[in-house]
Amino acid sequence: MDKLLITGGSPLQGEVRISGSKNAALPILASTLLTETPTLIKNVPHLRDVTTMVGLLGHMGVEVTIDDRLNVQVDTSSIHSYSAPYDLVKTMRASVLVLGPLLARFGHADVSLPGGCAIGSRPVNLHIQGLRQMGAEINVENGYIHARAKRLQGTVLYLDLVTVTGTENLMMAAALAEGTTVLENAAKEPEVVDLAHCLNSMGAKIQGAGTDTIEIQGVEHLHGTEYVVLPDRIETGTYLVAAAMTGGQVRVKQADPASLDAVLAKLRETGAQIQIGADWIELNMAGRRPTAVDIYTAPHPAFPTDMQAQFCALNAVAQGTGTVTETVFENRFMHIQELQRLGADIRLEGNTAICTGVEQLFGAPVMATDLRASASLVLAALVAKGDTLVDRIYHLDRGYECMEEKLMQLGCEVRRVP
Ligand code: UD1
């Protein structure tokens, strides 16, 4: 299993290109199941989760070709299976995104239940409930969601909780349903908006994505399209935090500044100088130590839970004390104990981490537990004195494209070791 060996102490300097968004690419790849002619998706990031989704489509008989510029061509005409087996779903929960499209287009889906997760229980009850309300017959048996439907029927769906993939699954299902579906209390994440744009370019009739009410007028057929995935806001935020923690200066290119308001506001509070262009952000910390900030995670447009761990790492070396409150997931603080191994002064009280910045962290072997937790360990290692060995970086490979190469390009000492 690969590890990252990081020698701390070099401030980030330079420019880095941001990859396509993982959380937009995954539902967009799933949405190709709705189309009757081939689709070309561009700016797809080269990540383990994307490989898993491509593997899942391949398992169903869908033809997927990827060129060397990571343009993904999907042709569903040879599909022969409507199932997502446990072996694939257990490695990536987002596999459940095939449920809505399969059911809407083929009236048939057998999708494994995702099971447990390092950051909380993460049920998919709202996905199932919404599809049932649209007329699907769903049995959950032997660890599988068995769903059948003639044609799904549009209706008004009120989501008890704001769920990102739940909104996406139901929006995709509703695109081919009979009549109009209204999703109330929908997720407003930029990735939901990107998926809606992609579906509309396939011929869907969706309005209101990005607000909490999405209206989907069902159509009978969707056609292939050519679509460019939006830039990854979490990858963008992670490099900006890395620059702020190391007192560096970085320009992120091919980014989407509009999707990062809450994160940029917090980075300004740390004392960073930030300049923004149409598709770039430049952060300059000018060698200063950041000031600790208070964070409260919540659905978009509030502060994203996927940036919580990175800000814990920042607070760990900042001046003063900052509190980080996690409200989206029940158990998303596994990184705290690992940060403590590097010398961080962080105390957990319920769903709040109270972080008092220390002058210096010290390198140590640490273990990644989930995707964003891994990122926080890498960031902490960049400022720690000496060497840090980050184990289980397959988590990192799920969501960060070529992270060690990008960090090396920015002047950091990072090496992948077997
Ligand atoms: C997505 C993102 C993930 C991000 C999260 C929150 C993808 C592929 N992943 O995950 O990176 O951290 O949004 O922004 O886009 N819930 C239920 N029942 C449901 C569905 C959700 O109780 O049927 C709960 C979850 O347990 C959680 C909360 O709702 O507490 C939000 O989860 P959700 O938005 O669904 O997260 P994901 O879509 O899985």
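**Fold and cores of a predicted chain**

Trainee: How many helices and strands does the protein chain have?

Mentor: This is a predicted model, in which local features need pLDDT of at least 70, side-chain atom pairs count only at pLDDT 80 or more, and totals for chains, interfaces and linings use all residues. Residues are numbered from 1 along each chain as its sequence is written, and side-chain values use heavy atoms, with hydrogens and water left out. Helices (H or I, at least four residues) and strands (E, at least two) are DSSP runs, numbered from the N terminus. The count for the protein chain is 14 helices and 24 strands.

Trainee: Why is the protein chain called as compact as a globular protein of its length?

Mentor: The globule rule is 2.2 Å times the number of residues to the power 0.38, and the radius of gyration is taken over C-alpha atoms. For 418 residues the rule gives 22 Å, so the chain qualifies with its close value of 21 Å.

Trainee: What percentage of the residues is buried?

Mentor: Buried means under 20% relative accessible area (1.4 Å probe, protein chains only), exposed over 50%, and partly exposed in between. Of the 418 residues in the protein chain, the buried share is 57%.

Trainee: Which residues have the most contacts inside the largest nonpolar core?

Mentor: A nonpolar core is a set of buried Ala, Val, Leu, Ile, Met, Phe, Trp, Tyr and Cys residues joined through side-chain atoms within 4.5 Å. The largest has 72 residues, and a second, separate core of 71 residues includes A244, V293, A344 and Y400. In the largest core, the residues with the most contacts are L29, M53, V98, L131, L152, M171 and L199.
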